[in-house]
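Please look over the model below before reading the points that follow.

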Amino acid sequence: MAASLWRRVAGRRAVTAVLILALGASPTLASPVLASAAPSVPASPVPASVVALPGSPATSVASVSTRGSVTFGGSVGSVGLAGSVPAAVRAGRVTSTTVRLELRQDGVLHVKEEVVFEGPPPSRSLVGRTRHDDTDDRLYPVTGLKGDATLADGAITLKGTGKATLEYDVGGTVTPMAGAQELRWYAVGGWSVPVERAKVVVNGPAAMQSLSCFAGPPTSAMACTEASMDHTGVTGEFGQQGLGAGEVLTVVVGYPGDASKGAPVLERRFELSNAFAVNTVTGGALAALLLLLLGGLALLYWTRGRDARVVGHESGSLSGVRDGHFAPPDGVRPGQIGTLMDEQADVVDVTATIVDLAVRGYLRIDEQPRQTYQTPDWRLVRLPGGQVTSLMPYERELYDAIFDDRDAVLLSELHGSFGAKLGKVREALYRDVVSQGWFARRPDTVRTRWTTAGVVLTVLGVLATVALAWFTTYGLLGLALIIAGAALAVGGQYMPAKTAKGAGALAHTLGFREYLSTGDIGHDVPVAQRVELFSRYLPYAVIFDSVDRWARVVSSVTGDGREADHLYWYHGPAEWDLSRFADSMRTFTMTTSGAISTTRQFRSL
């Protein structure tokens, strides 16, 4: 016993000697100053159940810094030298704080604090959130604050002067483990000023199995000054001297597994890597999406493939000659064929209809003379002999839109009311293909319905993705909705399906297109009839994108075997003849399509 006391006294003398030497052997340093800086010695030794950090020293080793503070086992205590105390210390400090922690059986930690301070009332930032694992943060909610303090934004601010008493509850401080549970709380610290002395007393619903404490930053592994428990093992005491501003004293106590019902309070931390994690649920959803897309492809094949089967069955039955003359399939007009083929009423359908009206004698196309660098232009002239009443509804709408109570108009002047009336032409074309029995419903209506559904599903997918990614780890489910919605919006363009009658008409159309593209020109047709008959097929060539070839066919023949400078429906300027017709026709169709496209009433190809 005497030997132990002698070693303790000798150790303190050694520390005193080191301090005196470091401070220049100043005689003004009295032992009470050192006593205020030295750590308190526990009244009883730390029991064997204390959890010690590997490699931590068995005894506290003191050293002196150049700023007049003494360190014991990593904790800093103020020496109190005039002129060497930091400005934060001169502005205020907590001279002592006693914290009593009581862990209740419901898992709530009840806290009572007695704080003695100098200077303005300090504030304490509570540790309200720590990292729990890769996906969650751990929360420590503080409730029921009473006493000489206010709580705002996770910070406690004292009131009054010199002394304050406060009381509050903390949740989420208990962590269940295998056969045990651990209480961990940042009992002291986070103060805006240094703390000279801190004492923590812990009581719980059962005997302690272990205890330890750490001082410094919240993640510090440096042991505190003292830690002990009484002979009953129910009460533990912790002490620390010299906590810096913002530093904390963390206490850790082990209890039996059934001591309390406490559990961590977790909140998922938002991270993109976690928000879109691949797991059983998200993987299954992606697999379901794949099946949905495959089912959509099967449905698309059934609707579109049915058309293809009918076309393949009937395409070989078309004859290019009817009653000794060439004729379009089933008497179908060019505009109808264009809408039937691509299920769109577009600019090429209107352009081909204008040429068809000219060939059939309702109007004449007069190419205007021009200089080398002038823009080409054409005059559309109304012919009095045309039976307007016999026109199809969409042809009549186009005819009225072109002339609009006038007898002639330049192609370059087709704007204003012309553009507004083209919408009626488009509507009439869609109604016509339904009235012909080629489609059960208007193709544009079917596309709009499916596209709208896809857009709505995509928007819902975006909202679901944001919500799921923010609150859960199932963000991929929202992405699946976005993909499905986008696929539906795009696939909606292919949803219009032809009826059996429409598929049969398409089969005849494709055969007629093959004839115009590669078939025999028909030398058995009388020469006197070639210009008229071949002109009748030119509007269909516009639809089939064979204008150049068929225009050259037309320009290679004359009405009666003699040279001609124009056609009955197309007149060129002076010095113009049929040898230039192919170039003129190509330019006319491109210019007309451009004029229609500028009205924004039709889709441009």
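Is C213 buried or exposed? C213 has 5% relative accessibility, so C213 counts as buried (buried is under 20% relative accessible area, exposed over 50%, partly exposed in between, with a 1.4 Å probe and protein chains only).

The model is predicted: local features need pLDDT of at least 70, side-chain atom pairs count only at pLDDT 80 or more, and totals for chains, interfaces and linings use all residues. Residues are numbered from 1 along each chain as its sequence is written, and side-chain values use heavy atoms, with hydrogens and water left out.

1. Disulfide. The count comes to one disulfide (a pair of cysteine sulfur atoms within 2.5 Å). C213 is joined to C224, with an S to S distance of 1.4 Å. The torsion about the S-S bond of C213 and C224 is about -40 degrees, so the disulfide is left-handed. C213 sits in strand β16 (residues 210-216) and C224 in the loop between β16 and β17 (226-229), 11 residues apart. Helices (H or I, at least four residues) and strands (E, at least two) are DSSP runs, numbered from the N terminus. C224 is also buried, at a relative accessible area of 11%.

2. Nonpolar cores. A nonpolar core is a set of buried Ala, Val, Leu, Ile, Met, Phe, Trp, Tyr and Cys residues joined through side-chain atoms within 4.5 Å. The largest has 62 residues, and those with the most contacts inside it include I365, W550, W569 and F588. Helix α7 (residues 347-359) supplies the largest share of this core, nine residues. A second, separate core has 46 residues, among them V170, V195, V202 and A259.

3. W569. Not counting residues up to four places away in sequence, W569 touches V355, A358, V359, R364, I365, S535, L538, F581 and M585 (contact means heavy atoms within 4.5 Å).

4. Aromatic pairs. Rings of Phe, Tyr and Trp (its six-membered ring) pair if their centres lie within 6.5 Å; planes under 30 degrees apart count as stacked, over 60 as edge-to-face and the rest as tilted. There are 12 aromatic pairs by this rule. Y140 and W185 form a tilted pair, 5.6 Å centre to centre with 50 degrees between the planes. Y140 lies in the loop between β8 (136-139) and β9 (142-147) and W185 in strand β14 (residues 180-189), so this pair ties together parts 45 residues apart in sequence. Both Y140 and W185 are buried.

5. W378 belongs to strand β24 (residues 378-382) and F588 to helix α15 (residues 581-597), 210 residues apart. W378 and F588 are buried. One aromatic cluster is formed by F512, Y537, Y540 and F544.

6. Helix α10. This helix (residues 443-471) has 29 residues and reaches 42 Å from its first C-alpha to its last, close to the 42 Å expected at 1.5 Å a residue (the expected span is 1.5 Å times one less than the number of residues). Its buried residues include P443, D444, R447 and T465. Among the elements covering the buried residues of α10 are α9 (417-435) and α11 (475-491).

7. S593. This residue lies in helix α15 and, at 18% relative accessibility, counts as buried. The side chain of S593 makes a polar contact with the side chain of T351 at 3.0 Å. A polar contact is a pair of N or O atoms within 3.5 Å; within protein, one must be able to donate a hydrogen and the other to accept it, and residues adjacent in sequence count only if both atoms are side-chain atoms. Leaving aside neighbours within four places in sequence, S593 is in contact with V347 and T351.
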